[in-house]
Amino acid sequence: MPFVEVTLPDELLSEFEQLVDEEFVTEEQAVEELLSMGIDAYNVEVVDESEPGDDFMDGAENNLFDTASDPGGLDDDTL
């Protein structure tokens, strides 16, 4: 089994030691399970990040500032 050395801040080390005392038999078991859980959580594939109304909102935002033509028909106003 490979050997890995990790430097942890004191607070994180104390949290890890407390977790080992409460939940695991050995430090090795704790490290193995916590790393496995972290890797599994990291490898979660996101299917769709957009929300249902995003396409509608993008279209609406693109149309808000379309001022290529006379927006209020100012040329058609007569006094």
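**Reading a predicted model**

Reader: In which helix is the place of Val-31?

Author: This is a predicted model, where local features need pLDDT of at least 70, side-chain atom pairs count only at pLDDT 80 or more, and totals for chains, interfaces and linings use all residues. Residues are numbered from 1 along each chain as its sequence is written, and side-chain values use heavy atoms, leaving out hydrogens and water. Helices are DSSP runs (H or I, at least four residues), numbered from the N terminus. Val-31 has its place in helix α2.

Reader: Is Val-31 buried, partly exposed or exposed?

Author: Buried means under 20% relative accessible area, exposed over 50%, and partly exposed in between (1.4 Å probe, protein chains only). Val-31 has a relative accessible area of 39%, so Val-31 is partly exposed.

Reader: How far apart in space are Val-31 and Val-20?

Author: In sequence, Val-31 and Val-20 are 11 residues apart. In space, C-alpha to C-alpha, Val-31 and Val-20 are apart by 9.0 Å.

Reader: Which helix supplies the largest share of the negative patch?

Author: A patch joins like charges within 9 Å, from residues with over 30% relative accessible area and no salt bridge. A salt bridge is a side-chain nitrogen of Lys or Arg within 4 Å of a carboxyl oxygen of Asp or Glu. Glu-17, Asp-21, Glu-22, Glu-23, Glu-27 and Glu-28 gather in this surface patch. The largest share, four residues, comes from α1.

Reader: Where is confidence lowest in the protein?

Author: Confidence is given as pLDDT, from 0 to 100 for each residue. The mean is highest in α1, at 92. It is lowest, at 59, in helix α3.

Notes
Patches are made of residues with over 30% relative accessible area and no salt bridge: like charges are joined within 9 Å, nonpolar side chains (Val, Leu, Ile, Met, Phe, Trp, Tyr) within 5 Å. Accessible areas come from the Shrake-Rupley method with a 1.4 Å probe; for residues, only the protein chains shown count as cover. Lys and Arg count as positive and Asp and Glu as negative; His and the chain ends are not counted. The place of a charge is taken as NZ of Lys, CZ of Arg, CG of Asp or CD of Glu. Helices (H or I, at least four residues) and strands (E, at least two) are DSSP runs, numbered from the N terminus. pLDDT is the predictor's confidence in each residue, from 0 to 100.
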